[in-house]
Amino acid sequence: MKRNSLSVENKIVQLSGAVKQPKLGSYSSLNQTHTHTVHLDWGSLPHHVVLRIFQYLPLLDRARASSVCRRWNEVFHIPDLWRKFEFELNQSATSYFKSTHPDLIQQIIKKHSAHLQYVSFKVDSSVESAEAACGILSQLVNCSIQTLGLISTAKPSFMNVSESHFVSALTVVFINSKSLSSIKIEDTQVDDPSLKILLANNSDTLRLLKMSSCPHVSSDGILCVADHCQGLRELALNYYILTDELLFALSSETHVNLEHLRIDVVSENPGQIKFHAIKKHSWDALIKHSPRVNVVMYFFLCEEEFEMFFKEETPVTHLYFGCSVSKVVLGRITLNCPRLTELVVCANGLQPLDNELICVAEHCTNLTALGLSECEVSCSAFVEFVRLCGRRLTQLSIMEEVLIPDEDYSVDEIHTEVSKYLGRVWFPDVMPLW
């Protein structure tokens, strides 16, 4: 790829009538046309300008551009360009996405591992891709990573890697990075011993930890994290390791205010019906210490598995039901979730949710977002819900088939009334947006 010069002809508009055109580079009187040729050499652009351009380029294009000239090649190796990197690992037989070239991966490990600070691994559903990610992790011995993310784009492929192989690779980063602040390792085989290694080297800097669906982590393991990481502000975990002791640890005087707590409620064993209960005074302690915390709960349960939930006041702010939820449970939510700001119901039985929806509007006065799918609400009840909530509803995503016409409104008419109460144009959705 040869370096090209850019020729730009700047022509000053003719100020008077037609005159004789001067030669390029000449200068004539004011009533004549001035024409200049300026030669700009791309290779002479300042480093910071080329660096900014490179930051917008895909990795492959950036590598190709580095061969244009010596100056661009120098910019290609500036540490600032390698602080953030995403390794994409896919198998061509099972994925349409391109992978980071193996030669480039080795070049990064050899020349730029010490510069990496924000690193993520995006893998497809194959075990081979997850093993390749572990192989790269195990070579990052000279790194100072601040954020680490392990992302499975399909099924959780990291769960199919040898546990010893995964833990060994992960602990290499935990030991060598002394300033980890954000870790997203959901659907992985991280365990209690590896968490202890994380705490031994990064307890003062850890601010965010997302580790839902990590079956080898116990309630004692996550409690140890809360005890030692006093600066932890965001935490995501499964309900089965949520305990009263953990909430009290997050509420201690020495712990910073928690900002975001995500809880995934999934059956630990097929057919599980009973779940442990979290005491109200444990929730109260958390809210007293962190009054602005967002408590987000995702439920993937059958109707008979909700027995222990929402019987007492629960400070949840965002509720998502991925499976069917009964009218009884929705009734308990209206009475015991005063902090609720967002509610998404993805499935319900064939009985309309008219009364439940109106009760939500009346009791959950902080509600600003609602999503409904695969359930039924009469058009009149929905209009009444929107009237009660008014313009505080900033997000309203309702599938068209949810709305049941009645004697007052048809589906075609409802958008006018709803738009009036919202103060903006609104229509039902044909596809879910949450």
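Residues are numbered from 1 along each chain as its sequence is written, and side-chain values use heavy atoms, with hydrogens and water left out. Because the model is predicted, local features need pLDDT of at least 70 and side-chain atom pairs count only at pLDDT 80 or more, while totals for chains, interfaces and linings use all residues.

## Core

A nonpolar core is a set of buried Ala, Val, Leu, Ile, Met, Phe, Trp, Tyr and Cys residues joined through side-chain atoms within 4.5 Å. Buried means under 20% relative accessible area, exposed means over 50%, and partly exposed lies in between (1.4 Å probe, protein chains only). The largest nonpolar core has 125 residues, and Phe121, Phe382, Phe385 and Leu396 touch the most other members. Helix H13 (residues 379-389) gives the largest share of this core, 7 residues. Helices (H or I, at least four residues) and strands (E, at least two) are DSSP runs, numbered from the N terminus.

Leaving aside residues up to four places away in sequence, Phe382 touches Leu357, Val377, Leu396, Ile398, Leu403, Ile414, Val418 and Trp426. Contact here means heavy atoms within 4.5 Å.

Helix H5 (residues 127-137) has Ser129, Ala130, Ala133, Cys134, Ile136 and Leu137 buried. These residues cover an arc of only 160° around the axis, so they are on the same side of H5. The arc is that of the directions from the helix axis to the C-beta atoms. An α-helix has 3.6 residues a turn, so residues three or four places apart point the same way. The buried residues of H5 pack against strand S3 (84-89), helix H4 (102-111), strand S4 (118-123), strand S5 (147-152) and helix H6 (163-176).

In helix H8 (residues 219-228), the buried residues are Gly221, Ile222, Leu223, Val225 and Ala226. Their cover includes helix H7 (192-202), strand S7 (208-210), strand S8 (234-238) and helix H9 (244-250). Gly221 counts as buried because its relative accessibility is 7%. Gly221 touches Asp192 and Leu195, not counting residues up to four places away in sequence. Between Gly221 and Pro193, 28 residues apart in sequence, the C-alpha to C-alpha distance is 8.1 Å.

## Aromatic residues

Rings of Phe, Tyr and Trp (its six-membered ring) pair if their centres lie within 6.5 Å; planes under 30 degrees apart count as stacked, over 60 as edge-to-face and the rest as tilted. The count by this rule is 19 aromatic pairs. Two tilted pairs are set out here.

| Pair | Distance between centres | Angle between planes |
|---|---|---|
| Phe299 and Phe310 | 5.6 Å | 50° |
| Phe306 and Phe321 | 5.8 Å | 55° |

Phe299 lies in strand S10 (residues 294-300) and Phe310 in the loop between S10 and strand S11 (318-321), 11 residues apart, and their pair links distant parts of the chain. Phe299 is buried at 0% relative accessibility, and Phe310 is buried with a relative accessible area of 3%.

Phe306 is in the loop between S10 and S11 and Phe321 is in strand S11, so their pair ties together parts that are 15 residues apart in sequence. Phe306 is buried at 2% relative accessibility, and Phe321 is buried at 1%. One aromatic cluster is formed by Tyr239, Phe275, Phe299, Phe306, Phe309, Phe310 and Phe321.

Tyr320 also lies in strand S11. With a relative accessibility of 16%, Tyr320 counts as buried. Tyr320 touches Val296, Met297, Tyr298, Phe299, Glu342 and Val344, again not counting residues up to four places away in sequence.

A charge sits over a ring if NZ of Lys or CZ of Arg is within 6 Å of the ring centre and within 35 degrees of the ring normal. Arg62 lies over the face of Trp82, 5.8 Å from the ring centre. The charged end of Arg262 sits over the ring of Tyr298, 4.1 Å from its centre.

## Cysteines

A disulfide is a pair of cysteine sulfur atoms within 2.5 Å. The whole structure has 0 disulfides. For Cys229, the closest cysteine sulfur is that of Cys224, and the distance of 8.3 Å is too far for a bond. Cys229 is buried, with a relative accessible area of 0%. Cys134 is also buried, at 0% relative accessibility.
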